[in-house]
Amino acid sequence: VIFEAQAGPDTCISVAMSILKTPASSVQVIPSILGLLLEADGLPAGSDADFVQTLAVLDIKGADGATVCCAGYLVHHYTEAASGRCFGPLNLGQVLRFCRALSSSLESRSRPLVLGSPPGDEQSRTNAATLLGAYLIYVIGWTADQVIAVLGKEADRTFVCSWSRKDRPEAKRNMKVLHCWAGFELAKIKGFVDLACLSTDLTTDLVCSMIRRVVEVYDAAWIVPGFIMVCADPVTTAVDPNPETFSCLFPEEGEPTSPKARSLRRVPSDDSISKFRCTASQNTPTAAGAPSICLQDPLSPRLAEIGEDKPEQIGNDIDGMSVATVCKEYFNKAVDALSHGDLLGVQKPLDFTSFLLEAEIGFIIRTNFHKEPGMPKTGSYQAAEFMQFGLGHADIPVVDTNGGLPRRTDVAKLLQVCPGLGLQKEGGGVVVHCKGGFGRSVVLACCLAIDRFDLPGAALLGWVRVVRPGAINTPEQELFLQSFAGRADMRKFAGLTADGDISPPTTCGPCGCSLQ
């Protein structure tokens, strides 16, 4: 991009930034094109000049004129209040839309752009630094180290742990902006993100729509696209009263099991939901005949925290909620199908089994117990029913206390029951789930990814917090992932040799816990 100015573009942006701030508080990210104000007091009022434009990072607009990050931080299917102190990082769809919007903005403007954040808003500044790093890595082609070298202390800005409660003292923050930048670079190198999607507004919107549909309908997300997915226990989603989530675990009786041969249809939940099987006669229109969708989502970890004296927030039937110990808010809203880039308002999504088969998932790992606090009264599903459709299944239950960390034997079993997952997906991908799909399941999914793709745990931490907002919900889980530099560390922890055999365990005595 070439800017024309009487004083020259480099001089222009330097003078502008000197006027706006002292040189020490600002940096030229891309000389003559893009600058960043670093001070916490952000952009001063009336700082826009004829030769330079100033703009808050989170105010970047897309081609449709809408602010790409206007929704802020959210966790789909849960209330905003449930997120507690958590404010970021923003999700992958927001990241990709920001990269596309900033790229388009810089291509079309005739004067340099200086970015900043609202005065005194530390949370916005942290999210802004994360987004700008993503743009530099995905669009400009920088490495994470190059971003750190230019943006300096912004790399050390921190995020609170997912679901950090406001009514308790905040735990020490372990995840930094630099972990997200490392995650973006990791995803770029490993091909987790196809950067061709940023070439046009249409392709970006299409990819973001696909990401959104998976989480809205199935409460799921890819950790390693095509190989490792995480989700909530499908039973908790099947009983969700939200009409846009799937209602059945298995295909309709008599229908072909191949997803390619199945027709999509809308099937509501009813009294037979305990069987989790659709019947062809089920058909319920939405209110006033209009399609509906839950557009307000985000988690309230425990019912007691919301207050049992507020049933209007919980619904008339607590047992019908996705998870009995969380609070969701539901409302119907007519949906313009074209605005979502898919057929959400026209056709009911596939049942869960067909969704897995269409996604080429071949194995299910359940990390929660059949019945535990927060599960519906019916408990989880029967694994044998999934196996009838050719899906492998293994139970690796992890107790959701003391940080929700897996034992070495849990990780060893995980690595051994997924022998075919690697560079060639011979047996299909793997989906790992716990009750909510945020803690235990994500940790084990990361363990699998670290082993199979030799990934650094710290970078993977930053990545999963972006692709699965709400993921990694205890400080212990954050530190656990950061402790692994790659495959060798993971196999050492699991007590496995290089070829996958179990090595003699080292324990501290009668309790049997492993020494690390």
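Author: The buried residues of helix H4 are covered by elements that include strand E1 (26-30), strand E2 (34-37), helix H3 (122-140) and helix H5 (177-190), where helices (H or I, at least four residues) and strands (E, at least two) are DSSP runs numbered from the N terminus, and where contact means heavy atoms within 4.5 Å. This is a predicted model, in which local features need pLDDT of at least 70 and side-chain atom pairs count only at pLDDT 80 or more, while totals for chains, interfaces and linings use all residues. Residues are numbered from 1 along each chain as its sequence is written, and side-chain values use heavy atoms, with hydrogens and water left out.

Helix H4 spans residues 144-151, and within it Ala-144, Val-147 and Leu-151 are buried; buried means under 20% relative accessible area, exposed over 50%, and partly exposed in between, with a 1.4 Å probe and protein chains only. Because these three residues cover an arc of only 60° around the axis, they lie on the same side of H4, the arc being that of the directions from the helix axis to the C-beta atoms. Asp-145 and Ala-149, by contrast, are exposed on the other side of H4. Just after the helix, Gly-152 adopts a positive phi of about 55°.

Two of the covering strands, E1 and E2, belong to an open sheet of 4 strands with the order E1-E2-E4-E3 and mixed pairing, two strands being paired if DSSP finds at least two bridges between them. E1 and strand E3 (53-56) are at the edges with a single partner strand each, so one side of each has no neighbour in the sheet. On average, and with direction ignored, neighbouring strands of this sheet are turned by 30° against each other; axes here are lines fitted to C-alpha atoms, for helices over the stretch in contact, and angles run from 0 to 180 degrees between N-to-C directions. E3 and strand E4 (residues 113-116) run parallel and are joined by 4 bridges, with Ala-56 standing opposite Gly-116 in E4.

In soluble globular proteins, nonpolar side chains tend to be buried together. Trp-463, if neighbours within four places in sequence are set aside, is in contact with Leu-92, Tyr-138, Gly-183, Ala-187, Phe-192, Val-193 and Ile-223.
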